[in-house]
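Please go through the following model chain by chain, with the sequence and the coordinates side by side.

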Amino acid sequence: MKELIDEKGLRIDGRRVDELRPLKIEVGVLKNADGSSYIEMGKNKIVVAVYGPKEVHPKHQALPDRSVLRCRYHMAPFSTDTRKPPQPSRREIEISKVIREALEPALILEEYPRTAIDVYLEVLQADGGSRCAGITASAVALADAGISMRDMVVACAAGKTSGQVVIDLNDVEDKEGEADMPIAIMPNLNQLTLFQLDGILTPEEFEKAFEMAINACRTIYDAQRKALMDKYFGKAEVGEE
Amino acid sequence: MPEVERKYVTPGELIAEGNYKSTSNVIRIRNKFYATKVGLAEISHEGIRVIPLTGPYIPRVDDLVIGKIVDFSAFSWEVDINSCFFAYLSAQSVFGKEFSPDRESLLKKFSIGDLIYAKVVAYDRTRNPLLSVSGPGLGRIPKGEVVRISPAKVPRLIGKKGSMIKTIESATNCKLIIGQNGIILMVGPPDGILLATQAIKMVESEAHLAGLTKNIQSFLSKYKEEQS
Amino acid sequence: MSAVKKSIVVEQLRKAQMIELLSKEKRLDNRGLMDFRPITIGIGVIEKANGSARVQVGNTQVIAGVKIEIGDPFPDTPDKGLLVVNTEVLPLASAYAEPGPPDEDAIELARVVDRGVRESHMIDLSKLVLIPGKKVLAVFVDVNVLNADGNLFDATSYATIASIATSKMPRYYINENGQIKQSDEIIPLPINGIPISVTMARIGDTLIVDPTSEEEAVMDARITLVLDEDGNLCAGQKGQPGTLTFDQVKKAMNIAKVKAKEIREIIKGEIMKDVRS
């Protein structure tokens, strides 16, 4: 097995086990979309657009009592080491589904009956944890679109490399490590909305990984909130009128 | 004046705890109140609400809107009102009960791309909004220029008892017609329209700021000084 | 936020205003007839690609990535490397774009851009042969439209040439056993010169450059002319059902000559910045 943590306890990219990769979130990057965002998390570069609520086509997909959330996670052909053909793969289709199910609990879809809300995620460059970065960015884009939300959704993975529990795995750690466990949470309501696990963790390791991932999500939530605050309020004082 | 506490919030943010009434864009879980939108939260004895800074236009009955004719059928026009749904304007409501379907007469009245000023007369969760153009000032918009803002910011543009809109109208010599759906029609001299557009965009981008009315007034008066 | 028809319906008032302004040689966004919107180019934005560029022309935003891989030559060109230009108008680009395979507009877009690069001999494909007739380098250029506000032809073309011109790859060689190996040396693609695309729209009797989506929605015809480094025409395409008079075509050619020169300076400046760094 490849050694992913050195004797000083540092990972291959120099991070400590509980350290996040550099994170950048921008709001409102696409003019045509109703809401949009851009995220960089490590080498991940993802742009997200929200269109809706809008009339549903085909019409039979519409629900009488709520909006239909649709997500499309797609990787650009140049986003990976070897070119990825543009048509969606089985992996992209599964990820689209789990992203939708991670976001849906946070949205008050009953406010928009007979409509659809489309969330398009385009991965411009992929690194480990692109679904987590995608979920984090999607929640920001949905807030930018002004869709009613019970809470934000924020995601981060924990996992195990070289026998140690680490957070926010990069590409190499994801591929060579022993376990990868992406989760998403609603940070204020304290609910889990995404959970996947790929690899082996002991019950003790699981508990530790879960705890560390939740803490990481809280840090990322602060960045989400700051990005929205900067876009909508700048450095302004609260209005008096 | 009631004591009002304000703060900027994002979705999911805890606004306050206690025994309040929640009004709009707020959810309550036990005695905690959370925001559902990016906006300005107001906490007063009347309750807790969030004034959103972004979001779609959701039609309400009696709203006056500016819409664009995008299609028509034998019995009605389809109108884009900048909302989740297309609105309908029935031919019968325009031509009267005796109306018999005829493509020519429909197109003569309103053709595709025409703007109309209309009233929402029916809308609920089960059907698309229905419009009417019977009423003073309603109907096809023959001239003027259009500017669009976020529908969430229309109340700010109107101001208290229409104060903001009156301020802009008198400084620019323009007549402004505001659609609740975020579409604003300006009719007046070209330089007035240009100035009104700038002022409206300023209201949109500074909607959350203190002293907005004063800022707009000083922006408009500075322009007047430069002119004279 | 709006329910959506298949294509943009421009308001009659706005259309009338547009035509009125055009008769005075003005446009809705205050540009002159021959003015492009501001062009911004970011090079090397995707580290995992051999070359990449994000280009904005006004609100139109595209991103191109180049991947260079080992492939098999086409049987009829055993002595040439491969060039593949693919374009996707992503569903996030506008309310009118839908998920799914590229439609005829996206395919036309990719093919016109491809022709400009190919016919100008921007890349010397004969230098991309590893084992003649068997193995060559394949240059894949994938362009994603992120925000569509008109003139996708030029934005896509600029992103394509900027990403190709700044691509870097390991030097490939054949070892004594006849295997293909990579050396540590990083080299650029063999570039001859860059083609510049200039797209114009005819609305009524007026020709304008760099149309917005609103202008495209009312235009009668579109013409794209691509000029190589020597000022020669190397690709072209007339689009839309409308016609152009012969004089309009000649005028378009004269406009293209002038604009291509200006834009070549801008793009070359960005490319040189990257080369120097």
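**Loops, chain B and its interfaces**

B:Asn82 has its place in the loop between β8 (76-80) and β9 (86-90) of chain B, where helices (H or I, at least four residues) and strands (E, at least two) are DSSP runs, numbered from the N terminus. The model is a predicted one, in which local features need pLDDT of at least 70 and side-chain atom pairs count only at pLDDT 80 or more, whereas totals for chains, interfaces and linings use all residues. Residues are numbered from 1 along each chain as its sequence is written, chains are lettered from A and ligands numbered from 1 in the order in which they are written, and side-chain values use heavy atoms, with hydrogens and water left out.

Although B:Asn82 is not a glycine, its phi is positive, at about 60°. B:Asn82 is also buried, with a relative accessible area of 12%; here buried means under 20% relative accessible area, exposed means over 50%, and partly exposed lies in between (1.4 Å probe, protein chains only).

How many helices and strands does chain B have? Chain B has 6 helices and 15 strands, and its C-alpha atoms fill a box of roughly 60 × 55 × 25 Å along the principal axes. Of the 228 residues in chain B, 51% are buried. Among the contacts in chain B with a separation of 6 or more, 56% are made by residues 24 or more positions apart, a contact being heavy atoms within 4.5 Å. The domain assignment divides chain B into domain 1 (5-52), domain 2 (64-140) and domain 3 (145-227), with bounds that come from an automatic or database domain assignment. The centres of domain 1 of chain B and domain 3 of chain B, taken over C-alpha atoms, are separated by 29 Å.

We turn next to the contacts between chains. The size of an interface is often given as the accessible area lost when the parts come together. Between chain A and chain B the buried area (the accessible area, with a 1.4 Å probe, that two parts lose on being put together, summed over both) is about 3000 Å², and carbon and sulfur atoms give 57% of this area. The contact joins 35 residues of chain A to 38 residues of chain B. Across this interface there is 1 salt bridge, defined as a side-chain nitrogen of Lys or Arg within 4 Å of a carboxyl oxygen of Asp or Glu; the side chains of B:Glu13 and A:Arg225 meet in a salt bridge at 2.7 Å, N to O. Chain A and chain B also share 14 residue pairs in polar contact, with both residues at pLDDT 80 or more. A polar contact is a pair of N or O atoms within 3.5 Å; within protein, one must be able to donate a hydrogen and the other to accept it, and residues adjacent in sequence count only if both atoms are side-chain atoms. On the side of chain A that touches chain B, the elements giving two or more residues are β3 (44-55), α2 (130-145) and α4 (203-233) of chain A, and α4(A) provides the largest share, 6 residues.

The contact between chain C and chain B takes 11 residues from chain C and 24 residues from chain B. The area buried between chain C and chain B is about 1400 Å², with 55% from carbon and sulfur atoms. A salt bridge links the side chains of C:Glu11 and B:Arg148 at 2.7 Å, N to O, and 5 residue pairs are in polar contact across the interface of chain C and chain B, both residues being at pLDDT 80 or more.

Chain C also reaches chain A through C:Lys48, whose side chain comes to the backbone oxygen of A:Ala126 at 2.4 Å. C:Lys48 is found in the loop between β1 (39-43) and β2 (51-57) of chain C and is buried, with a relative accessible area of 15%. Leaving aside neighbours within four places in sequence, the residues in contact with C:Lys48 include A:Phe78, A:Asp81, A:Asp127, A:Asp171 and C:Lys67.
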